[in-house]
Amino acid sequence: MKTHGTQSQKPRQNDKIEGSGGSESEISSSAPHTAPNSDEHDERASRDRASIALPAHVAGSGALDRLIDTARDYAEASTAENTNKAYAADWKHFTRWCRLKGTDPLPPSPEMVGLYLADLAAPAGKAPALSISTIERRLSGLAWNVRQRGFTLDRKNRHIATVLAGIKRKHARPPVQKEAILPEDIQAMVGTLPYDLRGLRDRTILLLGYAGGLRRSEIVSLDVHKDDTPDSGGWIEIFEDGALLTLNAKTGWREVEVGRGSSDHTCPVHALEQWLHFAKIDFGPVFVRTSRDGKRALEARLSDKHVARLIKATVLKSGVRSDLPEAKRLAMFSGHSLRAGLASSAEVDERYVQKQLGHASAEMTRRYQRRRDRFKVNLTKAAGL
């Protein structure tokens, strides 16, 4: 792979950094994730100490203590960072609920967990009811946290299973799927971006994410080379015919081929080469923040939230689905719209789309191809009507 010079030096203290201040309209969407507060930090530390420790009959030593720290690091890495944050928030919410009800969270009581689920679905007061998917996620986070503390929670216990089944039966709604971004949409969205360094970066994000069918976390976790950074989620290799992305995704390691486009204006590989060249990036994260004026690349990796905000902003500016109110358009599109767009637009054999998206089953891929295959087969006419 070609190299592209040296990356920009770290900003000075008085440099204006993208997303570091100003009005809401001026603040870039690439601000880093909010750091966990002290309660969350103490909760995670307590959980780690409880889950990874020496047996009571083994005497501690410096070497063993170091191994314990290493094992705790590996245990934390067993789930994605966003999953860890969500599970920590789930446990914090449940323990607070238990305190307000005058009970202890441990050992877990199936009866109290059932009441907790009922409260999530039909809360008293002004608190909004949670969706079925959020309640199930809360239960998964609760079960995971209980296991980390040496206890078990049987989700099939009748006090839990029957309450959850009733919630699903009474409150279930059809799944809300994000709208797919079509070829004409992505071209219009790219056309709204400026021709400065920040615009070049965002153009590359949209085109690469669309052509690769990438999740937003996969986009921002890319490095230039293998093992450039500890938080890397993959790396890139650029060839004459396209770019090869090696990703450490939800389903494990996979390779994604991104071929060159029919023109430089819409070619994701050309955009990637231009971004790396003009941003002077040859090591570390591929997608980084820029200075406030959009003229210098900094060293901090972009947040995956930037991708979702970028999509929403360019959807509005480009007039995609302008027949709908702005609020509805914002709700329809998200980072997942890029993956859905590739699946809905690529007129190729299903197995190639499945491989590109990293789906374990063809059924999952077909869910993404909802617009492309809609009414493709007319069973009404086939039945003679």
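Q: Why is R296 called partly exposed?
A: R296 has a relative accessible area of 32%. Buried means under 20%, exposed over 50%, and partly exposed in between (1.4 Å probe, protein chains only), so R296 is partly exposed. This is a predicted model, where local features need pLDDT of at least 70, side-chain atom pairs count only at pLDDT 80 or more, and totals for chains, interfaces and linings use all residues. Residues are numbered from 1 along each chain as its sequence is written, and side-chain values use heavy atoms, with hydrogens and water left out.

Q: What makes R216 and D304 a salt bridge?
A: The closest N and O atoms of R216 and D304 are 3.5 Å apart. A salt bridge needs a side-chain nitrogen of Lys or Arg within 4 Å of a carboxyl oxygen of Asp or Glu, so the pair qualifies. R216 lies in helix α9 (residues 216-220) and D304 in helix α11 (residues 304-318), so parts 88 residues apart in sequence are tied together. Helices here are DSSP runs (H or I, at least four residues), as are strands (E, at least two), numbered from the N terminus.

Q: Which residues form salt bridges with E218, and at what distances?
A: R215 does, with the closest N and O atoms 2.7 Å apart, and R254 does, at 3.1 Å. R254 lies in strand β4 (residues 252-259) and E218 in helix α9, so this pair ties together parts 36 residues apart in sequence.
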